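Hi there,

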Amino acid sequence: MNTWEDVRAFATHMESARTPREREWHELSRWVCPYRGVFSNEDLAPRGTRRNPKAFIVPVTQALLRGASGITSGMTPRNISWFEPEFDDPGMAEASGARVWLDEVDRRMKNVLADGGFYQAIQAFNTDLLWAGCALLYGEMSPVSVLRFECVQVGTFCVQLDEDGRLDAVVRTMSWTPARMARHFGKSALSEGTRQKLEKQPYDPIRVTHCVRRRDLRDPGRLDRKHMPWESFFWEEGGEDFLHEGGFNEMPYFFATWHEGQTPYGTGPGDEALPDSRQMDRLEHDKLEALAKLIRPPVQFPQFMKSRMNLEPGGMTPVPEHVSITPIFDLGPVAHSVSAMQQEILNVGQRLEKSLMAAIFASMPLDQRPRDMSATEFLERKREALQQLGPVISAYEPNVLTPLLERVAATLDRAALLPPPPPALQGYPLLMKMDFVSPLANALRQTGAETTRALLQDASVLAQMRPEVLDKLDLDQAVDELATGLGVPGSLIRADAEVAQIRQQRAEQQAALQQQALLAQQAQTAATAARGMNDALTVATRLPVATRLPVATEEATGIVRRAEEATGIVRRAEETTGSDSSFVG
């Protein structure tokens with residue numbers, strides 16, 4: 001049994017474990033992403049305030065946004081299919097109406113994602129993942145869109161991972177008004193102080209904490225909220241009991257890190273970009289100062305002209321012939337330093353583009369491509385660049401996208417919003433899995449296809465010198481590997497059992513054709529023999545009567561016997577070929 005004290009102690013422990021990384025997040029937010037993150041009671045302050053407003057970090061922020069947009073468009077593009085539901089048992093997809101049913105499930109899941117704000121949330125998620133090294137997404141039930149999605153601000157959540165590195169618990173703080181709390185939990189659940197604020201100050205913010213963790217003790221046979229796999233608690237700051245105690249069938253939060261670190265929160269490209277971001281700010285300040293000196297250089301002049309100097313553009317100052325107004329120092333080195341600083345700013349910007357992954361998704365301009373570079377080579381270079389994200393995707397898909405899509409499908413199923421299965425599948429457990437077909441997933445998957453294609457090309461060259469070398473290759477399996485690597489739809493590739501059946505039918509047809517050809521040849525031979533018999537009979541009838549009677553009798557007996565044999569051959573040929581082979585007159 002969970003008690004108020006136990007849950008509060010658990011939340012306090014998780015917040016204290018987050019403190020070292022939170023200090024680093026605050027610094028990263030100032031220099032890399034000044035609009036994201038909420039720290040140290042900042043959730044009670046007005047949102048949208050930029051940290052470090054005097055810093056020159058626009059190039060850093062632009063590189064960050066380009067990198068995040070590249071990940072979003074590469075993994076979860078809005079207008080391109082990036083996942084396909086499939087059956088755990090591939091054989092079920094061959095049932096009548098199964099693929100049509102899967103297509104309708106796919107359409108309804110994509111509608112939930114679009115209507116629930118998933119694509120806006122995942123863009124913020126990817127931004128946080130780059131600069132903070134971790135990010136948290138939340139999928140909450142909605143009466144309008146089935147589920148609504150939100151990227152939780154860095155600094156407002158704590159996480160705990162299990163032995164397999166999967167999300168095991170989340171503690172999150174939010175800023176709610178008394179009016180919202182009353183709508184969500186009911187007025188009776190609020191503390192006495194919040195009820196008083198509801199009457200006098202209904203829109204003043206109050207800190208609300210949400211804790212979700214795995215339920216250790218439950219009865220799987222009971223379906224009420226206190227026996228669900230995940231337990232959920234809400235409470236308000238200063239309260240003495242839970243605002244709400246419930247549960248979830250699936251973990252509603254989805255968490256990922258860029259690199260593993262000493263804490264569950266990991267590290268990310270923002271940590272690598274932090275020194276360059278500070279350097280960029282310093283260089284921009286120095287550059288502007290140098291430019292100002294070149295445009296309006298400090299000058300020296302006689303003291304008696306102090307009140308007569310006109311340094312405005314086009315201004316005129318009369319001076320005696322022996323008086324000159326000159327810069328205090330030579331501006332040549334200043335002009336040279338501006339050029340050097342501009343080059344260094346360009347170098348730092350390129351490092352930031354690479355650190356924050358913007359360079360991976362930037363296309364090579366046509367005027368910068370070598371003249372001898374083919375389109376195939378260009379695509380290969382892009383694929384090699386995208387493969388740098390392979391380790392990240394290996395954690396991104398199983399920890400975020402897969403459980404999120406499973407929650408969408410399960411929520412639709414519980415709400416009876418999935419289409420009824422076709423008759424061929426009724427009575428069977430419809431266990432599904434998600435196959436990712438995004439541009440980025442396909443680019444990484446094509447590595448296997450390229451190696452298979454290279455092997456086939458080399459083997460074809462060797463086969464010209466020694467044909468039996470092809471015995472080493474399983475060409476059927478090679479086709480499967482190429483189809484998988486290229487992301488070819490499964491409906492285009494036949495199953496092994498179906499291919500075996502087709503080949504067996506082809507072999508039977510070829511054997512039948514050979515048998516038909518043999519029988520036709522035998523029928524032709526019989527026809528020739530029959531014509532010879534007719535000729536012999538004609539000759540026999542021309543002999544004298546005394547001579548031809550014994551001969552005719554003997555010849556007739558042989559003719560009848562051979563004719564019967566020929567007739568049997570012809571009949572079998574007719575039955576086999578279906579042609580008219582009557583030739584005996």
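Let me begin with the rule behind the ring pairs: rings of Phe, Tyr and Trp (its six-membered ring) pair if their centres lie within 6.5 Å, and a pair is called stacked when the planes are under 30 degrees apart, edge-to-face when they are over 60, and tilted otherwise. Please keep in mind that this is a predicted model. By that rule, the count is 18 aromatic pairs.

**Aromatic pairs**

One of them is made by Trp25 and Phe157, a tilted pair with 6.3 Å centre to centre and 50° between the planes. Trp25 belongs to helix H1 (residues 4-31) and Phe157 to strand E4 (residues 157-161), so the pair ties together parts that are 132 residues apart in sequence. Are these two residues buried or exposed? Trp25 has 0% relative accessibility and counts as buried; Phe157 is buried too, with a relative accessible area of 0%.

Phe87 and Trp101 make a stacked pair, with 6.0 Å centre to centre and 10° between the planes. Here Phe87 comes from strand E1 (residues 83-87) and Trp101 from helix H3 (residues 98-115), 14 residues apart. Buried means under 20% relative accessible area. Phe87 is therefore buried at 2%, and Trp101, at 7% relative accessibility, counts as buried as well.

There is also an aromatic cluster, formed by Trp82, Phe83, Phe118, Tyr119, Phe149 and Phe436.

**Charges over rings**

Arg180 lies over the face of Trp176, 4.0 Å from the ring centre. Arg213 lies over the face of Phe10, at 4.8 Å from the ring centre.

**The three-stranded sheet**

Which strands make up this open sheet, and in what order? The order is E3-E2-E9, with antiparallel pairing. Strand E3 (146-152) and strand E9 (253-257) are at the edges and have a single partner strand each, so one side of each is left without a neighbour in the sheet. From one strand to the next, the twist averages 20°.

Strand E2 (residues 134-142) is joined to E9 by five bridges, and the two run antiparallel. Leu136 has Phe255 in E9 as its bridge partner. Towards E3, E2 makes seven bridges, again antiparallel, and Gly139 stands opposite Phe149 in E3. That Phe149 is one of the residues in the aromatic cluster. A hairpin of three residues leads from E2 to E3.

Although E3 is an edge strand, five of its seven residues are buried, so E3 is largely enclosed by the rest of the structure. Helix H4 (residues 118-132) lies across E2, E3 and E9, and runs at about 160° to E2.

**The five-stranded sheet**

The other sheet to look at is open and antiparallel, with its strands in the order E4-E5-E6-E7-E8. E4 and strand E8 (244-248) form its edges; each has a single partner strand, so one side of each is left without a neighbour in the sheet. Its twist averages 15° from one strand to the next.

Within this sheet, strand E5 (residues 167-176) and strand E6 (residues 206-214) pair in the antiparallel sense over eight bridges. If you want a place to start, pick Val171, whose bridge partner in E6 is Cys211.

Technical notes:
Residues are numbered from 1 along each chain as its sequence is written. This is a predicted model: local features need pLDDT of at least 70, side-chain atom pairs count only at pLDDT 80 or more; totals for chains, interfaces and linings use all residues. Side-chain values use heavy atoms; hydrogens and water are left out. Two strands pair if DSSP finds at least two bridges between them. Helices (H or I, at least four residues) and strands (E, at least two) are DSSP runs, numbered from the N terminus. Axes are lines fitted to C-alpha atoms, for helices over the stretch in contact, and angles run from 0 to 180 degrees between N-to-C directions. Contact means heavy atoms within 4.5 Å. Buried means under 20% relative accessible area, exposed over 50%, partly exposed in between (1.4 Å probe, protein chains only). A charge sits over a ring if NZ of Lys or CZ of Arg is within 6 Å of the ring centre and within 35 degrees of the ring normal.
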